[in-house]
Amino acid sequence: MATTEVERRRGHLAALSIAAVVIIVGVPLWWRTTETYRAWLPVTQINELSNLQLQLSADVEVVFARGTVTPEQQKKFPLTQTQDEEHTVDEDTALRYRYETKYRTATIMEEDALNQPTAAEADLSLHTLSESPCGSLVVYVIPESSSLLPEDVDVYVGQRRTALLRIGAQMRVGKTLDRLLAHLEPRTKQVLQVMSFSHTDITAALSDRVRLSPGNKESIADSMRAFKSSPGYEITFSLLNPDPKSHRLHWDIEGAVQTYIQPLLTKLASVANFSIDSQTLYYAMLGVNPRFDSSLGAYTLNSDSLAHVINPVEARLGSNAASSNPVLNFLLYVPDAHHSPLHIHDRKKREVPSNAFHSPRWGGIMIYNVNSFYGPEAVFPVDLNIDMAKVMGVFLAQLRLLLGVQTSTAPSGFLVAPCGSTGLADWELDRLMWSRTVENVATATTTITSLAQLLDQIGNIVINDNIAEQVSSAVASLQLAVAELEAGNLRFALQYSKEAILASERAFFDPSLLHLLYFPDDQKFAIYIPLFLPMCVPILLSLLKILSDARQKRREKQAKKD
């Protein structure tokens, strides 16, 4: 009897020891070795970025030339005024524009520059005196009697960051300074919206974050036409020769790129990186058959058929699999002798002067007719040299549109100087940089907040240290970009915004995030139950037996007492 009791007690102690080891050691060890590793993320800062409050600060310097202010008014210069303008885009996005305007009188050297015979020469002379920082403007107020501007022009916008503003007849010398500044304020603001940024441009740049109002059709069309902001772009020029038996084409694409395209890309180096390649495709046909118009004696392509031209040609273009950058395609199509001349007609059945069209976020196609080179005694194939100046003029205009260089409609009384040999004015570059910076900030914040919400909802996704580092880098770059925008340092703000969008996309598309994405709880049970059930059942039964024996002993003791 005593031996049986000892054996029973020994079994109870063994079962309790095993259960204690399993609970104290086994369960924590299993939990630790099977848990999903999730590195720390700056969730608080990400939540702050989800409520985006952007402030764009622009510096404007208004310089009064001789004859625009009185000696008494000159004593009050220099003078600085600050104006704030707030806009609520949606419940999570707000914009504030801060304009800091500095007023002063022109120096002697600036007065000499303003005495040039033409406004273009004055603009160049003023630029050589001092170069304005990126994102800033200088407005020179000239008297009504100045011959720099034509009679019907009040504002001249130059190629740099300089504008000439003629003072109105209603504000002759002798008026108070406050009235003079109040008169100049609306016109100065118009200059700023043309040469720097406007609320329409900035809200269009926020299209990844907010929905644009349907009434703003122009901004929607511009945002849909241009490529999305990217750290790099691939530009491909293709010459399509559908019938090599008709003509042998020669094009100096390398020289044309260096002359017409490279100056523009050099100026856009701060916005993105560009790589250029070219190719010649033989027997490449259009996807539609042009119709012959007997009244014109030419073949025509109407606007409805242009949409069917791209897909068949695109299959022949090829792609650079080693790069993930967007590709801008520019195609020069030379019709064969049997379909020449070939003209593009718009929706109103009118001939397009450039004989070219562009497709939003894809590229452009130009049709180059050479039928005039086919004489009655022509020997096929005819050797033809393509006029690259004519071709590159069209491709350069299309490239500006596709990169988002917006040609805003100037208000009445404005005269905008041509962009010059570089293909891009300084203020147009600033305008693009403002839009790209805001677009990068909006895209990066959307990417980071979406990633944080995804990781919060799906708890079994691994967050390794590399992802956490990229997220922290993106958040830090975003904070710096927002701070630089607020300070008016446009170049630094653009650089930080580019770093933010690169880091956020590397984190969001990291392959390690997909390892445990589709590993639901029922699969965990299917794996662990066959492992733990055979071990847990004997332990559980032993514990139940110990509990049953303890209750039995308690009843026996109670019975003896009674």
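Y283 sits in the loop between β9 (273-282) and β10 (291-293). Its phi is near 60°, a positive value in a residue other than glycine. Strands here are DSSP runs of E with at least two residues, helices are runs of H or I with at least four, and both are numbered from the N terminus. The model is predicted: local features need pLDDT of at least 70, side-chain atom pairs count only at pLDDT 80 or more, and totals for chains, interfaces and linings use all residues. Residues are numbered from 1 along each chain as its sequence is written, and side-chain values use heavy atoms, with hydrogens and water left out.

Two further loops deserve a look. P341 lies in the loop between β12 (327-333) and β13 (342-344). The peptide bond from S340 to P341 is cis, with omega near -5°. K349 is placed in the loop between β13 and β14 (356-359). K349 has a positive phi near 65°, and it is not a glycine. How is K349 classed by accessibility? K349 counts as exposed because its relative accessible area is 60%. The cut-offs are over 50% for exposed, under 20% for buried and partly exposed in between, with a 1.4 Å probe and protein chains only.

Now step back to the whole chain. It holds 15 helices and 17 strands. The radius of gyration of the chain is 36 Å, whereas a compact globule of 562 residues would have one near 24 Å. That radius is taken over C-alpha atoms, and the globule rule is 2.2 Å times the number of residues to the power 0.38. Along the principal axes, the C-alpha atoms fill a box of roughly 125 × 80 × 40 Å. Of the 562 residues, 44% are buried. The accessible surface comes to about 30000 Å², and carbon and sulfur atoms contribute 55% of it. Areas come from the Shrake-Rupley method with a 1.4 Å probe; for residues, only the protein chains shown count as cover. Among contacts with a separation of 6 or more, 79% join residues 24 or more positions apart. Contact means heavy atoms within 4.5 Å.

T449 is found in helix α12 (residues 426-457). Is T449 buried or exposed? It counts as buried because its relative accessibility is 12%. Leaving out residues up to four places away in sequence, T449 touches I46 and S50.

Helix α12 also packs on helix α13 (residues 465-487), at an angle of about 145° and with the axes 10 Å apart. On the α12 side, the contact includes W434, T437 and V441; on the α13 side, V471, A474 and V475 are among the residues. By class, this contact has 12 nonpolar, two polar and no charged residues. Ala, Val, Leu, Ile, Met, Phe, Trp, Tyr, Cys and Pro count as nonpolar, Asp, Glu, Lys and Arg as charged, and the others, Gly among them, as polar.

The last pair is α9 (residues 253-267) and α11 (residues 388-402). Their axes come within 10 Å and cross at roughly 30°. Axes are lines fitted to C-alpha atoms, for helices over the stretch in contact, and angles run from 0 to 180 degrees between N-to-C directions. Residues in the contact include I253, A256 and Y260 of α9, and M388, L396 and R400 of α11. By class, the contact has 12 nonpolar, no polar and one charged residues.
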